[in-house]
Every structure is written in structure tokens, then in C-alpha cells.
Amino acid sequence: MSIFAQQGCLGGYFLLNPDGDLQATQETFQGWLQQQLGLQGIAGSRPSPSQLAAALQQHRLFLYFGHGGGEQYVPLASLKRLDSCAGGLLMGCSSGRLRQMGLYEPSGAIWGYLLAGCPAAVANLWDVTDRDIDRFAQAVCLVGPSRQYNAFGSHGADAHVRMRHFKDVETCCSYLKDSAGCRILGVEIDASAQPVQRHPFSGNTAFMLGNEGTGLSERQMRLCDGYVYIPQHGQGTASLNVTVAASIILHQFAIWAAYPERQRDGAKFVVDPRPQRTSVTEELVWELFTQAGPIVNVYLPKDRVTNNHQGYGFVEYRAEEDADYSIKVLNMVKLYGKAIRINKASQDKNSNEVGANLFIGNLDPEVDEKLLYDTFSAFGVIINTPKLMRDPDTGNSKGFGFVSYDCFEASDAAIEAMNGQYLCNRQITVSYAYKKDTKGERHGTPAERLLAAQRRANLSEKSRPHTLFATGPKQQPQHIPEGQQGGYGGAPPMYFPPYGMPPPGMPPPYMMLPPGMPAPPPGY
């Protein structure tokens, strides 16, 4: 988020360590917030409710580093009634979690900010240590210069260029000099600059170009080892477009380095095939899916030859509820312009597959997988991402799809409720899908239902609690001969009554019933 990288950004306001018990957090961020960004705010003390409410309305950005979401400093009732509210970065434990209130709407700090008109908020969904959340806040705020760049008009040539991001120009130059062994030449009309056509190059070279119209700044010029310029021979302006200047410079360097000329095919040059996008990394997947809960492991299988990932991966959560939640909120989210599909891993999917597969027909072209999931998940657990059949060339919907449930009760309810109903102003048909490799036989047969019931019984039997130390069968304890008894001084053996019976001297269970209640039947 490079919006925080400019001094005095967006009229921001910060509230840092208001309770005074997060000294490490205050030492980490106070100097950066006040000196580098020039923000107003409070550090180490609690604000009054009116003071914080005024700050939220008068500023465009609110940065909070403390416990919770700051609701302890301004009541939620007052927060919801604000005329306006700044965009929020709430770096507190569970600052974005909503508390369930039974039949009433959920409650939480993030809900109050949004109702007050907060345009956007970044918050934390669970409890973490102060050190971890400080590291996350640094990763969010201290990114530095923007990662965005424009490749308009490149006609796909930008895909052949490897991009690397540095937090500042000094770090970039240090890397080029120390790791890549480059000499840095600035493109600037300077007294010491040499004309580029003389090829004043030696070994690996990196070129630094300034902004159009202003050229290189003093900070940039101090990092250069020398300068080159492009001579002008006409009567017009000596200022060149930066893109044109870069093209001339790189062309002269290619001549000096004796790069081979590209082959030609007729009137065009032959270029390499567009490389496969490999921007998705395990770090990026971790950052995306950690929004749903704590993650144990992320694994992206890679090709052994090219070392590129194969278009799929696995995310392991600490809790199954978090995995289910990620399917609901992240399924069909677009990553680099392509919607990702999320479902349970094959081991879990196969264990839940019972044959409760539905065919959804006569769908409107506007219906997508997300809408199918949102509509039919109301009847039960959908074990696979709804499959919408699309034209492979255009990507348009063919008007039908499939939904799979984990039990036949859910699929029966979906058929009863949705068959003949309207979805996006079109009456849809819902029925059991045809089985694969069969002649006209549909799912939902009595045999499938019987197997599903047996599987459910087996799964419930396997999911019973651990009974290794539970009470044993109903039997009398074995007699231990004298001399083999444990204890001190040959203590008499302990007597364990049969299962369900009280210890010696206690009345039977039916004698301890309240007055007026009949005794249980014999054999209880």
C-alpha cells in the first residue's frame, strides 16, 4: 500500500499505544509516523471520545496501533452516528471480527466505522501477538515506492521483462553495484556527460533516466558513476520523450555489446513466445488466504524442468472452520485477472462424495459459479465448486451447470425448493444429474442412498471419542493372590463395582430418585 509512503499523506491521523503497555510498538512506529510521514496523532495516552470522534471526521486516513479496534475510546453508538469517517488501518487484535448477538445484527468496531461512512478499512480477524501484528503493520505500511508501472503500447513485450521491486533508489543502486557488478550511468545533459554514440561503456551497465521535463534529481545524480547524453542536431527542442531517449540509449548499448540481431520473417521480426505468467508465489497465496484464518502450510507444486508452478496448490489451515470459511469468501476471487476455484482437497472431497449431484438447467447468461454457490448453499454443504459449463472459445455460459452436496437430504431439499423457480428472471430446472458411463441412469437411486447412509454410519463410528481409558465391560475384578498385592504392607485389594452400580454401602440408583418418581424397569 504505497499510499502511506508520501509525507503528510492524505491528512492522516494516528492513535499509537493509547493504553501505554505496548512500548515496543510505540518505539517502532512513532518516529516514522511523526517525522517521516508528518502525521498528527496521539502516542502513549488515551484520547477523549470527543477528541477521537473529531479526528475521524476531520482526516481522511486513520491509523490505529493498540488493543482491539479502538471502540474502547469512542462508544460504538457515537461512532455509528458520525457524519463522516476516515479510512482506517486498524492494527489491533480481532479489530475486524464481528461478535454474534443472537437474533440481532452482529456488533464490532469495524461495523461502526463502516456505518459511519468509512470508505475502506484494513483490520485483523483474530488474536495475535503484538510482535506479529507489528511485523504485519510494517509489511502493509512500509512498502515504499509504488509497485505499479504502465506498459501501455508494449504489445506484450513487457511479459519478457523481469521486474524487481526495491524500497528506494539507494537500495536498488546498491544491489546493482554489489550483486550484479553494474556501472550506473545517468542520462542527463551534464558538463561531464559523454555522447552516447561514442559508446562510453565498460561491462555491465545500468541506466538511470529522470522525469520528463525536470531530468534527474540531485539525489539520483549522486548515485551515478557517470553520465551520457543524446546529441541534438536540429533547430527544435533538445528535450526528448523519456521513452524515446531510453530506446536510443539501449540501442547504442546493444551495438556496443554486439548483441545478435533478431531474425526476420518477411516485414516483421521474430520474437520469443510469450512466457508463462509466474507471478503467483507461495507468499502471495499465503497473504491472500490468511484473511480467512491462521495457516499451517502453503504448497504450490512446480514443474521439475521449468520450475514454474502448475496452476494449482494446497493451503492447510489450523482449523477446519477456517478452511470452510475461505471457500465461502475467496472462491471465484480474481487473481491477476483470472478467477480462482477453491474446494476441499481430493482426500476430503472423495470421502464426502455420495452421489447427491444436481443438474441445473435453463440458466441465464448472467449466472456465474458464485451466484450458483450462494443460491444453492442455503440447502446444505456443497462439497465441490459449482461447475458451470462454458464455451471453451468465448467463455460464455452454455446455460446449465452442476452442484454436488454431501448428503441426499440437502439435494432433495434443493430440488423441492428450486425446481421451476426463477433465477435472474429465468425459470430454471433442477433435477438429479445423469451418471457417467451409464445409459440414462440418474443419481439419487435407492442404492446410492443406502450406500450414503452406511458411509455416514461408518464415519460417525470412526469419529467417536477416544475410549482407551474409558470404563471397561461389566465384570467382576479378578482376585489377586496374597503376596502379589501392591501397596504398603499388603493392603487389601481395591474393589471396583460392576458398571452402573454404586460403591459398597450406597443405595441403588433407583432409591436416589426424587419423591414421587417411579423406579426404572428391571435390568436398568
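Analyst: A residue is called buried under 20% relative accessible area, exposed over 50% and partly exposed in between (1.4 Å probe, protein chains only). This is a predicted model in which local features need pLDDT of at least 70 and side-chain atom pairs count only at pLDDT 80 or more, while totals for chains, interfaces and linings use all residues. Residues are numbered from 1 along each chain as its sequence is written, and side-chain values use heavy atoms, with hydrogens and water left out.

User: Which residues of helix H2 are buried?

Analyst: Helices (H or I, at least four residues) and strands (E, at least two) are DSSP runs numbered from the N terminus. In H2, residues 49-58, the buried ones are Leu52, Ala53, Ala55 and Leu56. Viewed down the axis of H2, these residues fall within an arc of 160° (taken from the directions from the helix axis to the C-beta atoms), so they line one face of the helix. Ser50 and Gln58, on the other side of H2, are exposed.

User: What do the buried residues of H2 pack against?

Analyst: Contact requires heavy atoms within 4.5 Å. The partners of the buried H2 residues are strand E1 (12-16), strand E3 (61-65), helix H3 (76-80) and helix H4 (109-115).

User: How should I read strand order, and what is the order in the open sheet of four strands?

Analyst: Sheet strands pair through backbone hydrogen bonds, either parallel or antiparallel. Two strands pair here if DSSP finds at least two bridges between them. The open sheet runs E9-E11-E8-E10, with parallel pairing. Strand E9 (194-195) and strand E10 (205-209) are the edge strands, each pairing on one side only. Inside the sheet, strand E8 (residues 183-187) is joined to strand E11 (residues 226-229) by three bridges, and the two run parallel. Val187 has Val228 in E11 as its bridge partner.

User: Which strands does E18 pair with, and in what sense?

Analyst: Strand E18 (residues 356-361) pairs with strand E20 (residues 397-405) over five bridges in the antiparallel sense, and Ile360 stands opposite Gly401 in E20. Four bridges join E18 to strand E21 (residues 429-432), again antiparallel; there the bridge partner of Phe359 is Ser431. E18 is mostly covered, with five of its six residues buried.

User: How many residues are in the largest nonpolar core?

Analyst: Nonpolar side chains tend to be buried together in soluble globular proteins. A nonpolar core is a set of buried Ala, Val, Leu, Ile, Met, Phe, Trp, Tyr and Cys residues joined through side-chain atoms within 4.5 Å. The largest one has 37 residues, and Phe289, Ile360, Phe376 and Tyr405 have the most contacts inside it. Elements giving two or more residues to this core include helix H9 (282-289), strand E14 (295-299), helix H12 (369-376), E18, E20 and E21. Helix H13 (408-418) supplies the largest share, five residues. Another core, of 22 residues, lies apart from it; Ile42, Val74, Ala86 and Leu90 are among its members.

User: What does Val315 touch?

Analyst: Val315 sits in strand E15 (residues 314-317) and counts as partly exposed, because its relative accessibility is 28%. Leaving out residues up to four places away in sequence, Val315 touches Val285, Phe289, Ile295, Asn297 and Val298. Val315 and Ile295 are 20 residues apart along the chain, and their C-alpha atoms are separated by 7.3 Å.
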